[in-house]
Protein chains: 4
Amino acid sequence: MSYFGSRWFIEQDTPSIAHMFGLKRCVAEKKTPYQKVEIADNELFGRLLLLDSKIQSAAFDEYIYHEALVQPAMLLHEQPRRVFVAGGGEGATLREIFRHPSVERIVMVDIDSDVVELCREHLREWHRGSFDDPRLELVISDARDYLEGSEELFDVIIIDIPEPLENSPALKLFTKQFYTLLRERLAPGGVIALQADDLSSAFLEPHCAIFNTVGEVLPYLHSYRAFIPSFNTMWGYIIAARDFDPAEFSAGLIDSRIEERGLELRFYDEETHRGMFALPRDIRERRKTIKKVIDDGQLLTTV
Amino acid sequence: MSYFGSRWFIEQDTPSIAHMFGLKRCVAEKKTPYQKVEIADNELFGRLLLLDSKIQSAAFDEYIYHEALVQPAMLLHEQPRRVFVAGGGEGATLREIFRHPSVERIVMVDIDSDVVELCREHLREWHRGSFDDPRLELVISDARDYLEGSEELFDVIIIDIPEPLENSPALKLFTKQFYTLLRERLAPGGVIALQADDLSSAFLEPHCAIFNTVGEVLPYLHSYRAFIPSFNTMWGYIIAARDFDPAEFSAGLIDSRIEERGLELRFYDEETHRGMFALPRDIRERRKTIKKVIDDGQLLTTV
Amino acid sequence: MSYFGSRWFIEQDTPSIAHMFGLKRCVAEKKTPYQKVEIADNELFGRLLLLDSKIQSAAFDEYIYHEALVQPAMLLHEQPRRVFVAGGGEGATLREIFRHPSVERIVMVDIDSDVVELCREHLREWHRGSFDDPRLELVISDARDYLEGSEELFDVIIIDIPEPLENSPALKLFTKQFYTLLRERLAPGGVIALQADDLSSAFLEPHCAIFNTVGEVLPYLHSYRAFIPSFNTMWGYIIAARDFDPAEFSAGLIDSRIEERGLELRFYDEETHRGMFALPRDIRERRKTIKKVIDDGQLLTTV
Amino acid sequence: MSYFGSRWFIEQDTPSIAHMFGLKRCVAEKKTPYQKVEIADNELFGRLLLLDSKIQSAAFDEYIYHEALVQPAMLLHEQPRRVFVAGGGEGATLREIFRHPSVERIVMVDIDSDVVELCREHLREWHRGSFDDPRLELVISDARDYLEGSEELFDVIIIDIPEPLENSPALKLFTKQFYTLLRERLAPGGVIALQADDLSSAFLEPHCAIFNTVGEVLPYLHSYRAFIPSFNTMWGYIIAARDFDPAEFSAGLIDSRIEERGLELRFYDEETHRGMFALPRDIRERRKTIKKVIDDGQLLTTV
């Protein structure tokens, strides 16, 4: 009689839209000073990491999320040696960065040591030991505070933090002032990549606000997106640079760099790149109509 | 935006009826050789014990379930000294029995040592140390096998096992042959109480089949019921005896025995008893039309 | 693959408790000036009437709800001739009253003509033509306004209105002032019955507030309750009188009046009555601790 | 207290994955000889058409589904005059075809006259009167039977039928034999487009089986996909031809034909096309491993 099985995680997007994930196992949970962390297993998507009741990544398709976030920026940089990561507690962003043989140093700043600890223990397939790599400096702190207190320059900067909820400390990592700081910490020829919320015909405004905000401080930037099955949507990203347009490259460059660097990627290559960067007409048109810019000076509720 | 909160246990009664319990914490879970055990916390009902995705008891109202199961039989027996319990892994049935000062010995037989262990650890408010009482003999075994191999007689026998699912070993604890065995293990003046599935206008058949089956071997028996909020229904019980009618007693007997024995009960007393034993007309009428008897010789799928 | 079937009505009791009813057919729906009305069919419970997303009655068990509401008051009155009904749009309250041969006149006042029209059309098994009985005067109005403007006295008064939501006009049908008005409209020997919200170990406060409020103006009153499967709970009622205690009657009175009046009831008889009026100890104890009284002068949000 | 609202459509993809759509209105429903049709309104996605409890299209994003299905084939044909449509009951496929000024005749064959009638009445924004265009011949029949009984040739053939459930008559519109029939009905230079199930990293097999099957009879074919928010996934399509490769075209062709033909499209243009046809690496790799071909001779349960 029990067709429903038993336990379900229900993720609600709007008052009238929600998604149900059957849970075959609850693995771990913790209320940290910053958020509620839950780790659980689903039949189709495998292990799930939930922060504040939103899916952050799933074993089944985290390779899509993380390759899409990391690989365009890393491959469009000629020789990334020093990389900065904000957030990224799962360790999979580290894993993707460490694939590149030129990398000499990663500074990763995550505010929540509990998330990092839980991921180290329960998401081994995500980080695959990246936390133990001697090239990593892991800092438990606020990424903005850290960057304000340092003068180090980075070849690639990856922003891998959840979209901010109301009153969340993450809010100030989405402002013009923060992106100005990133611009200053970028080494010559550096590239920035951000996860940047849904980018679909149904949910567009937060992404466009982030896009506009980055565009206030950096001359070259592009939206792109990838379909993440466990997110039920197209996930948006932004790549940006100060000194050159990273999306202008001669045909074949990406595939040849993948080969030169010996990368074994599952999702990303040059054809994938072309698909991710080609936005449909409805989204290009609607993006033009959204003017919002996110500024420290405004009291934000949500992005 | 997240009205649904996060994790829910969904208990389905029929293809078109289900109940949702928000889970604020997953406490423990184990797939034992006999069943899937889950322990979790709900805001309203507190800690929940689930066996095979069915609620067995909830911290909020387990006192109703267990007092209703145990107290009528114990109080309608003049001086219960030896008690047999089949099932009862939570330990709350023990707790209710041990309230009676005359009790000298309890034999409890539960098939699943994992359930007992998990309950000892996580349901302390249920058992309140009853497992440590030296008067308890706890046997991990099949209750029917145990009783077949013993000749001991008991003043009170409590059957506290889940309703059987298809192919469940519990099936043979619901047959005429098993109840015949119980009759033989009953001391003179002994009383039997069974939890006996839903007893409501919507779900009646399994209870009545159990009632009929007990009625094949014991001359005195009564259905009664209690509303358990976390079960969303009236839960049915059966009290039965071989040598006298336990439901015929002079007014005031129950309340005076409660006082004599110094019992501090929350749910049960003589007025409660009268409410539990008075079945509405529709149920009394429909019960007459149900003829099913459960026999070892029939291959049963479900009761 | 589609175990969930398709459409579900989800009724939420608390942030962490909800109930799901599969809908095999949506029959009718209307947003009236007073509420949202939905009529739909469920496999187990048959046709459902929902007001503001709360189940009001179900074809499967409305006989329990309506017999429990109407029959104790009607049978404990010696010869009910004039009856007042507030609410009762389904028409099943009328049906139960008209069973009694002594009835000469019913005044029914419901505020929402759309509900009455939809029920007349789609709930024929509920009202069975009662709306066409010439003894009925149906008034579309506020019941309190109506009674304030009339001096007619009634033998039985039935209050069959939904529990009030925030800012609902029904709020002022739950106050001491309204019950005072009812007392004045009661003929000598008259009896009042009210539906009075959940009365279970889990949901008790609103019922007790209504009980206390009625008790401020009428000397004789009793809580009683019935399990309504489609409500997933014990539903509470209150019977009250000014001139005598309706719950004190000689044994056999109810059953003999049922026979004299030729009533063919499914749920209610004297044994059912005894079960309904015997409240368990935990509820009797907790009721003593709840002191709230509902008064016009307080700005209420919900009962 | 009622955060859930009220009625929900739950669409289940797998035993452990489902999607919930709040229903603010049930518009129409009918059990036809072929399927269960439901039309209802959701806050975010507007009007929904459900066949056998699967979303077929939503007011919010049907333009994506239908432009993606129709426009590549129509625009990559030089001058489409005669078009055949199998299925397409909503009428939006007709709407997209009729945009092209060269169209002289559409034959649309749908098996279910009830679907067509319900869509004509309730989905006016979908068809916008296309059913009344004198160039349309609407045939209520099985598309395969119809084509077997006709020798007419078509410039463009659009297959817009739901994925087949077990024992569905649609099954034989997914076989090698049916596609062979389509090839024979294709005029010189003709193009075929099919809706072809999910095409995502999570659900790939049915699409690939259809792709392989079409590939058995037509030399030129391509998978492409579009994200449809109300489907929660990337939806797959196949474009195929006998006489030329429709996906090989000189840059600018699509955009210039859109302009020449005066099409006002919301979703599709040349950049959109490039995004739809560029499949990510993981999907290209996994597609190679799937060998299934669908043949009349096999008794199929599901594609």
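In helix 3 (residues 113–122) of chain C, the residues Val115(C), Val116(C), Leu118(C) and Cys119(C) are buried; a residue counts as buried if 20 or more other C-beta atoms, placed from the backbone, lie within 10 Å of its own. Helices here are DSSP runs of H or I with at least four residues, strands are runs of E with at least two, and both are numbered from the N terminus. Viewed down the axis of helix 3 of chain C, the buried residues fall within an arc of 165°, so they line one face of the helix. The arc is taken over the directions from the helix axis to the C-beta atoms. These buried residues pack against strand 3 (25–31), strand 4 (36–42), strand 5 (46–51), strand 8 (105–110) and helix 4 (124–127) of chain C.

The model is predicted: local features need pLDDT of at least 70 and side-chain atom pairs count only at pLDDT 80 or more, while totals for chains, interfaces and linings use all residues. Residues are numbered from 1 along each chain as its sequence is written, and chains are lettered from A and ligands numbered from 1 in the order in which they are written.

In chain D, an open sheet of four strands has the order 3-4-5-6 with antiparallel pairing; two strands pair if DSSP finds at least two bridges between them. Strand 3 (25–31) and strand 6 (54–58) of chain D are at the edges with a single partner strand each, so one side of each has no neighbour in the sheet. From one strand to the next, the twist averages 20°. Strand 3 of chain D runs antiparallel to strand 4 (residues 36–42) of chain D, and six bridges join them. Ala28(D) stands opposite Ile39(D) of strand 4.

Chain D also meets chain A. Here 36 residues of chain A are in contact with 36 residues of chain D, contact meaning that C-beta atoms placed from the backbone lie within 7 Å. On the side of chain A that touches chain D, strand 2 (17–23), helix 9 (270–277) and helix 10 (281–289) of chain A each supply at least two residues. The largest share, six residues, comes from strand 2 of chain A. Strand 2 of chain A pairs with strand 2 (residues 17–23) of chain D in the antiparallel sense over five bridges. Within this pairing, Phe21(A) has Ile17(D) as its bridge partner.

A rotation of 180° with 0.0 Å of shift along its axis superposes chain A on chain D (RMSD 0.0 Å), which is the relation of a two-fold axis. The superposition is by least squares on the C-alpha atoms of residues with pLDDT of at least 70 in both copies. The copies meet through the same surface, because 100% of the interface residues of chain A are also interface residues in chain D.

Notes: Two residues are in contact if their C-beta atoms, placed from the backbone, lie within 7 Å. Axes are lines fitted to C-alpha atoms, for helices over the stretch in contact, and angles run from 0 to 180 degrees between N-to-C directions. A residue is buried if 20 or more other C-beta atoms lie within 10 Å of its own, exposed if 12 or fewer, and partly exposed in between; C-beta atoms are placed from the backbone.
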